Amino acid sequence: MKIATVRTIIPSQVGDLISGYGPNFGTIAKHDELEVNGFCLDDGKSRALFLSFDILGLDREVVLELRKRCAAALNCPPGAVLLSCTHTHGAPAYRSNAAQRRDPERTAELIEATVSCVQGIKDDDFKEVEVFSYSNICRANTNRRYLTPDNKCYFVPHHIQLEALANGVCDPEVGVLFFRPKDSDYAVEVFVNYAAHPLASHAPGLAGHSITADFPAEVRKYIQTAIGGHCSYFSGAAGDQFPVDSQVGELGVETIAKPLSAAVIKACVDIRANLERYKVQNPELRSQLVPVSGTIRPNAKNRVWCSDSDTYTMELQLVSIGSDVCMIGVPGELLGEVGLEMKWHSPYKHTWIAYNSTDYVSYLCHANAILSGGYEARMQQFEPRTALKLVNAAVDAMFEMCPEIKTPEW
């Protein structure tokens, strides 16, 4: 396997309107730069590109444009170009809803900056590496939905006094890919996947009006300082997953970034001590695009992306590395429980969700979340069985792509 890393700055400046808090939410400071981070893999037969954007989300037409142009630059199929958004609320608008349209100027700059960076990848940039996969646990996130005994949901960010009582299902898995040259201690790339809204740094006042990548930027910094090489952070199914100490400014960033980074670094320590155990033996690349049709709810609030039609075709994207790892790109804000369903029924050793990947269709809830109510349920655009359709489509596609499951001998 060969790898080339990708990094570029996403254009932004103080005064830009940012996404996630409603329309006309301006910025008065820049805390840190927004970035695109990722890597391109080459297994000798095909290539796959993985890019993570420090933005809230991407509209479908922007995804298609980026896929098309990046695939042409790398001579790979568009379905092998996996895009994902960390979902920081401190970035300009690159997705549209009824309250806010994407910024056309910033979107054009984002596309050109990304494509230019990918076009700059040369054959000499690829390094021969071994690939290692690992799953760790970090309990620095929580479910932001509090359910009463009669199954009524309170959205914790709007009822902060209930934060200690939040009792929804949480996904604490940290997914790690470690790429290093053979017989070397130094990583070329460390990939991190974790389910938590990047809303640690938001706070009333200055912090809430700052351009920022939030805690993913700190995680990348910690990993690159400790391990070396490059680090890419991909958000998992974070629809209802929050940092444990959210919306308190820089303090909240440290609360999640430090334990999460420690979990990744410990994973790398274990990998180095047990190379053969965690090595991906046959890192063949495979990819698939899966259309999934959804029926729009009669009272849907954010129909700007689907006009007046009663149905809308979403897309799942699967990119796998051997039989060890499958990444599933989803078209919106998938709740953690739905992401866990995809993981539990997967035939791969590790299955990780790429958040806001193929489109931005707002929240994608399991049916009981819609029944119990709350913010995510109010924002869902589709009828209640849609998440189950996505789970079934993802699982069927994974079984088509993955070699036959073999029972291990203990």
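Predicted model: local features only at pLDDT ≥ 70, side-chain atom pairs only at ≥ 80, totals over all residues.
Numbering starts at 1 along each chain as its sequence is written, and side-chain values use heavy atoms, with hydrogens and water left out. Local features need pLDDT of at least 70 and side-chain atom pairs count only at pLDDT 80 or more, while totals for chains, interfaces and linings use all residues.

**Salt bridges**

Side chains of opposite charge can pair when their charged atoms come close. A salt bridge here is a side-chain nitrogen of Lys or Arg within 4 Å of a carboxyl oxygen of Asp or Glu. The count comes to 24 salt bridges.

| Pair | N to O distance |
|---|---|
| Glu 35 and Arg 7 | 2.7 Å |
| Glu 376 and Arg 145 | 2.9 Å |
| Lys 349 and Asp 324 | 3.7 Å |

Burial uses relative accessible area: buried is under 20%, exposed over 50%, partly exposed in between (1.4 Å probe, protein chains only). Helices (H or I, at least four residues) and strands (E, at least two) are DSSP runs, numbered from the N terminus.

Glu 35 and Arg 7 meet in a salt bridge. Glu 35 sits in strand β3 and Arg 7 in strand β1, 28 residues apart. Glu 35 is buried at 12%. Arg 7 is partly exposed at 46%. Both join Asp 54 and Arg 220 in a network of salt bridges.

Lys 349 lies in the loop between α6 and β20 and Asp 324 in the loop between β17 and β18, so their pair ties together parts 25 residues apart in sequence. Lys 349 is exposed at 56%, whereas Asp 324 is buried at 6%.

**Arg 145**

Arg 145 belongs to strand β9 (residues 145-147). Is Arg 145 buried or exposed? Its relative accessibility is 4%, so Arg 145 counts as buried. Its salt-bridge partner is Glu 376, in helix α8 (residues 375-379). Glu 376 is buried too, at 0%. Contact means heavy atoms within 4.5 Å. Beyond four places in sequence, Arg 145 touches residues including Cys 153, Tyr 154 and Asp 240.

**Sheets**

Two strands pair if DSSP finds at least two bridges between them. An open sheet of 4 strands runs in the order β16-β17-β18-β20, with mixed pairing. Strands β17 and β18 are antiparallel and share 5 bridges. Within that pair, Gln 317 stands opposite Gly 329 in β18. Helix α9 (residues 386-401) packs on the sheet and touches β16, β17, β18 and β20.

Elsewhere, β12 (residues 189-194) runs parallel to β14, joined by 6 bridges. Val 192 has Tyr 233 in β14 as its bridge partner. In strand β14 (residues 230-235), 6 of 6 residues are buried. His 230, Ser 232 and Phe 234 point one way; Cys 231, Tyr 233 and Ser 235 point the other.

**Nonpolar cores**

A nonpolar core is a set of buried Ala, Val, Leu, Ile, Met, Phe, Trp, Tyr and Cys residues joined through side-chain atoms within 4.5 Å. The largest has 56 residues, and Leu 49 and Phe 50 are among those touching the most other members. Helix α1 (residues 60-74) gives the largest share, 6 residues. Another core, of 37 residues, lies apart and includes Val 290 and Val 391.

Note on methods: Axes fitted to C-alpha atoms, helices over the stretch in contact; angles between N-to-C directions.
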